[in-house]
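Let's take a friendly walk through one protein model.

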Amino acid sequence: MHSEQRDPGAASMPGRLGTCIAIPSAAGQQHACSRSPPSYRATPSDLTLIRGSDGNKFAGILQHLLSLSASCALAAAIGLHSFAAPPAQAITTEQLLFLEAWRAVDRAYVDKTFNNQSWFKLREQYLKNEPMHDRNETYTAISKSIKTLNDPFTRLLEPSRYSALKRGNQGSVIGVGLEVGFREGTDSQLVVVTPAPGGPAEKAGLKSGDVIVSIDGKPTNGLSLYDAGDMLQGAEGSQVTLDVASDSQSSVLKLTRERIALKPVSFQMCGPVSDVVGPAAASGKLAYVRVATFNKQTTESAKAAFRRLKADGASRYILDVRNNGGGLFPAGVELARMLIESGDIVLIADSQGVMDSYEATGTSIDSKAPVAVLVNKGTASASEVMAGALQDNKRATIAGETTFGKGLIQTIVELSDGSAVSVTVARYQTPAGTDINKVGIKPDIVLEDQALLPTDGPKFCKVLASGSAPKLFL
């Protein structure tokens, strides 16, 4: 799984989706009570980027989410300099870092009940009772406080994890070169979807379908794809030990992490395929497009793929986002816009209801040819944004199994020591107003055995031409 983020830069970043409004860190905010809005230092965002299609659209949303207070008195009450410290004890550097993280959550978190607890009292209790004598203890305190929210996507990113996150969205990661997912029909077996060509895993002989039983001695049973991805990545040159079950045999492999270039989009024009695939009235060429992640390269790579395939005569598309855990939110929106000419793409909502939406921009590459989207329980976040938009606009058939169900939007607040906090700031809904969080997107066609459909283009096309080809279009 790959997390999402955007580049650091100016607080106002013009782009295709408009203006990005950054969340300030405590270190960058000096005048909470000034009449004019303070000048915010831009910070990278995780899993989602809130931007307005007209440059101003989502400024109001984010201002709402980041409202500092109803009055200067309240702002002062939660400010760094007016904080009530333990008696006869100065605020330490470590406590200031804890306060940065606390303030990031306080200002932006979508649930203003903070999981039905007093976030202010929690701050006081932690500063009084939790040890913060060094950086590791401070990180432990921050993580412990955030866990009380019971939100797995609001989390601390230590400097190493934050750096890995930024590299991943630039188009490379440091790891062993494995795309992993859950075995179809189970909730626990972590399997290899595909090894990166030339990567450490492929060199060690790992192949699609192998089961990863443990990572560095920790059983993968019960791990999320996010946790597994974190464990497989690490410092360049470091090692990770995998317990692997393959073809009824088990082995222990020690792999050295390397820098892996990510290829977010691949495609293949298939030859003749079985009539079972559908749709009933379709004929002509079928194109297979695999989108493995949504990073900075995905939008342009997908545009190039669809333009090339359309020019080559594609009359129907299969868009494969199985085990695509998301990435940059805007890339998911942009992919939907390539196939939808008009209508809503996604609705943005906070705890008070729907606030605004992203819409198609009339710039689609192909808004007519039939589309089937392949999904599974590893399909999450930006992938679900795209799939939900195509399904609700009746633009595509969704085939596979119910998706992961991550309907939350995060942003990253960078802290002064190079770490960061990922904070859930809003929820999204599909164009029909469906909240898919913890529910997922239900397929139109359920595929019982997706293992028959590889993610390698030529092999995928070969299956569709055989007698075992499944129905993928309504």
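A crossing of two helices is called right-handed if the near helix is turned clockwise from the far one by less than a right angle, and left-handed if the turn is anticlockwise. Keep in mind that this is a predicted model.

**Two helices side by side**

With that term in hand, look at H10 and H11: H10 passes H11 in a right-handed crossing. The contact brings together residues from both helices, among them Phe329 and Leu335 of H10 and Val385 and Met386 of H11. By class, nine residues of this contact are nonpolar, one is polar and none is charged.

| Helix pair | Residues | Packing angle | Distance between axes |
|---|---|---|---|
| H10 and H11 | 329-337 and 382-392 | about 25 degrees | 8 Å |

Angles under 35 degrees count as roughly parallel, and H10 and H11 are therefore roughly parallel to each other.

**A space inside**

How many cavities of 30 Å³ or more does a search of the whole structure find? There are two. The second largest cavity holds about 40 Å³ of space. Its lining includes Phe98, Trp102, Trp119 and Ser145. Helices H3 (93-108), H4 (119-129) and H5 (135-147) each give two or more residues to this lining. H3 gives the most, with four residues. Sorted by class, the lining of the second largest cavity has seven nonpolar residues, one polar residue and no charged ones.

Key:
Residues are numbered from 1 along each chain as its sequence is written. This is a predicted model: local features need pLDDT of at least 70, side-chain atom pairs count only at pLDDT 80 or more; totals for chains, interfaces and linings use all residues. Side-chain values use heavy atoms; hydrogens and water are left out. Axes are lines fitted to C-alpha atoms, for helices over the stretch in contact, and angles run from 0 to 180 degrees between N-to-C directions. Angles under 35 degrees count as roughly parallel, over 145 as roughly antiparallel, 65 to 115 as roughly perpendicular and the rest as oblique. Contact means heavy atoms within 4.5 Å. Ala, Val, Leu, Ile, Met, Phe, Trp, Tyr, Cys and Pro count as nonpolar, Asp, Glu, Lys and Arg as charged, and the others, Gly among them, as polar. On a 1 Å grid over the protein atoms alone, a cavity is a set of points where a 1.4 Å probe fits but cannot get out, and a pocket is an open set with protein on both sides within 12 Å along at least five of seven lines; lining residues have an atom within 4 Å of a point. Grid points are joined across faces, edges and corners, and a volume is the space filled by probe spheres set on the points.
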